[in-house]
Amino acid sequence: MLDSGDKKSSSFASALVAVALVFFGALAAAAGVTLLARLAVLFFAAAPDGTHVAAIIVFAATYVVIALGEAPGLRLDRAGAALLGASLMVGLGVLPLDEAYRAIDFDTITLLLGMMIVVANLRLSGFFRLASNFVVARAKTPLALLAAIVLVTGAFSAFLVNDAICLVMTPLTLELTRRLKRDPLPYLLAVPMASNVGSVATITGNPQNMIIGGLSHISYGAFAAALWPVAAFGLLATFALVALFYRGEFLTRERLPEAAPAPARARGFLVVKSVLVTLAMMALFFAGQPVAKVAIVGGALLLVTRHVKAEKVYREIDWPLLLMFAGLFIVVEGLETTVLTPEAVASIGRFDLANAGVLAVVSAVLSNLVSNVPAVLALKPFLAGAADPQHAWLVVAMASTLAGNLTLIGSVANLIVAERARAAGVSIGFWAYFKIGAPLTLVTIAFGAWLL
């Protein structure tokens with residue numbers, strides 16, 4: 001039986017979700033119908049030749065597989081689809097091989113690789129375990145523990161790759177909540193949401209921001225200055241909404257039981273070395289040094305050690321993600337070269353993408369259709385000629401990242417947490433995620449669009 005307080009909380013939660021559904025449904029329908037109409041006019045008005053049609057088919061098929069996660073009836077995943085699409089763009093004559101090579105933004109791939117090596121070293125050194133023990137020693141109430149998880153996850157995700165942070169924080173959160181005899185679900189929900197929100201703050205926060213940093217040439221400091229307020233607001237909103245929807249867990253005077261710190265198994269020298277290299281890299285980022293160069297040099301330096309075999313670090317790297325990036329650069333370049341003429345881009349440009357609100361909605365909808373990285377690359381041709389391209393890219397970075405909180409399948413970070421939790425016997429249902437993720441997405445994107 002629900003008491004009156006629980007019933008009111010449930011009614012309020014349902015109202016918030018209903019508002020989010022109606023708002024996003026209306027915006028998505030309006031944006032989708034208008035954009036599809038313009039695309040239809042664009043494609044059918046063009047005089048199609050063989051390469052024109054091939055580019056459209058390959059692009060569409062690649063994005064469909066990426067949206068679905070794998071090809072129906074086949075074992076072809078997103079990375080394989082991107083590789084196949086890139087190969088077909090070359091094999092069908094849409095792009096010469098040398099142009100395909102030039103289409104790949106190696107700065108982005110280098111930056112992502114370097115950051116993955118850094119995160120791997122921080123994890124293998126035991127640094128994150130030490131941070132977990134630090135939290136346990138100071139969090140005395142469930143609300144304080146939630147605040148600590150949101151803050152730590154968001155802060156780490158702001159400077160390190162958010163997907164990797166979720167890989168680290170999920171087992172730590174599970175272990176913490178079980179040792180403290182708490183329901184792990186609300187704390188686990190906070191991890192991907194805080195990670196997505198925190199990662200919006202900097203170029204190195206997530207893969208799509210790395211792409212945007214390379215395409216827009218916005219400096220690391222300028223990017224962070226524009227978007228850190230959005231991240232800070234989003235972390236506060238994450239904390240408030242999780243606490244609101246799980247009032248029985250958090251709005252209580254109950255204190256956490258005393259719990260001994262888990263064995264850290266930290267390698268002291270490697271912890272110090274990894275942290276110092278990471279801090280030096282951040283300083284160089286803000287000093288205006290090329291982020292890709294700094295990241296790969298920092299990562300390479302961390303491979304020089306007697307404590308961890310390089311093979312262990314290599315196993316931490318998401319090689320399929322790097323492959324997907326390379327393939328998508330080529331697929332988008334093939335479409336842009338053959339189909340998206342200056343006239344065509346101008347036609348789509350009349351969709352009013354210069355308006356921050358419209359661009360935010362388009363980015364959010366597209367990100368939930370095909371995932372945020374492909375969405376960013378698909379928008380690339382339409383933003384290069386914008387009146388203020390750097391501002392437009394900041395809006396896309398904000399909306400494409402925050403859109404990942406809408407549903408459980410909205411971002412890779414969400415899926416990482418859900419899969420890790422399921423393997424440990426904790427189920428995160430679609431509705432359990434959506435009832436918080438939907439209003440959080442609505443509120444944060446609205447704030448970001450207003451601020452920018």
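Here is a walk through the structure, from the whole chain down to a few side chains.

This is a predicted model, in which local features need a pLDDT of at least 70 and side-chain atom pairs count only at pLDDT 80 or more, while totals for chains, interfaces and linings use all residues. Residues are numbered from 1 along each chain as its sequence is written, and side-chain values use heavy atoms, with hydrogens and water left out.

Let's start with confidence. The mean pLDDT of the protein (pLDDT is the predictor's confidence in each residue, from 0 to 100) is 82, and 83% of the residues reach 70 or more. Helix H11 (residues 220–245) has the highest confidence at 95, whereas helix H1 (residues 4–45) has the lowest, at a mean of 51. Over residues 39–47 pLDDT stays under 50, and the model has eight contacts beyond four places in sequence for them; contact here means heavy atoms within 4.5 Å. Where pLDDT is low, the predicted coordinates should not be read in detail.

As for the fold, count 22 helices and zero strands. Both kinds of element are DSSP runs numbered from the N terminus, with helices being H or I over at least four residues and strands being E over at least two. Of the 452 residues in the protein, 53% are buried. Buried means under 20% relative accessible area, exposed means over 50%, and partly exposed is in between, using a 1.4 Å probe and protein chains only. Take contacts between residues at least 6 apart in sequence, and 82% of them join residues at least 24 apart.

H3 (residues 78–91) has 14 residues and reaches 20 Å from its first C-alpha to its last, close to the 20 Å expected at 1.5 Å a residue. That expected span is 1.5 Å times one less than the number of residues. Ala79, Gly80, Ala81, Ala82, Gly85, Ala86 and Met89 are buried in H3, and after the helix comes Gly93, with a positive phi near 85 degrees. H9 (residues 184–199) should span 22 Å with its 16 residues, and its end C-alpha atoms are 23 Å apart, which agrees. In H9, 16 of the 16 residues are buried. At its start, a side-chain oxygen of Asp183 comes within 3.2 Å of the backbone nitrogen of Leu185.

Thr204 is buried, with a relative accessible area of 0%. Its side chain makes a polar contact with the side chain of Tyr220 at 2.7 Å, and a polar atom of that Thr204 side chain lies 2.9 Å from the backbone oxygen of Phe159. A polar contact is a pair of N or O atoms within 3.5 Å; within protein, one must be able to donate a hydrogen and the other to accept it, and residues adjacent in sequence count only if both atoms are side-chain atoms. Leu111 is 93 residues from Thr204 along the chain, yet their C-alpha atoms are separated by 8.0 Å.

What about the aromatic rings? The whole structure holds twelve aromatic pairs. Rings of Phe, Tyr and Trp (its six-membered ring) pair if their centres lie within 6.5 Å; planes under 30 degrees apart count as stacked, over 60 as edge-to-face and the rest as tilted. Phe159 and Phe286 have ring centres 6.4 Å apart and planes at 65 degrees, so the pair is edge-to-face. This pair links distant parts of the chain, with Phe159 in helix H7 (residues 142–159) and Phe286 in helix H13, 127 residues apart. Phe159 is partly exposed at 26% relative accessibility, and Phe286 is partly exposed at 44%. Ring pairs join Phe159, Tyr220, Phe285 and Phe286 into a cluster.

Finally, back in H13 (residues 268–286) you'll find Ser274. Ser274 is buried, with a relative accessible area of 0%, and touches Asn121, Leu122, Ser125 and Leu302, leaving out residues up to four places away in sequence.
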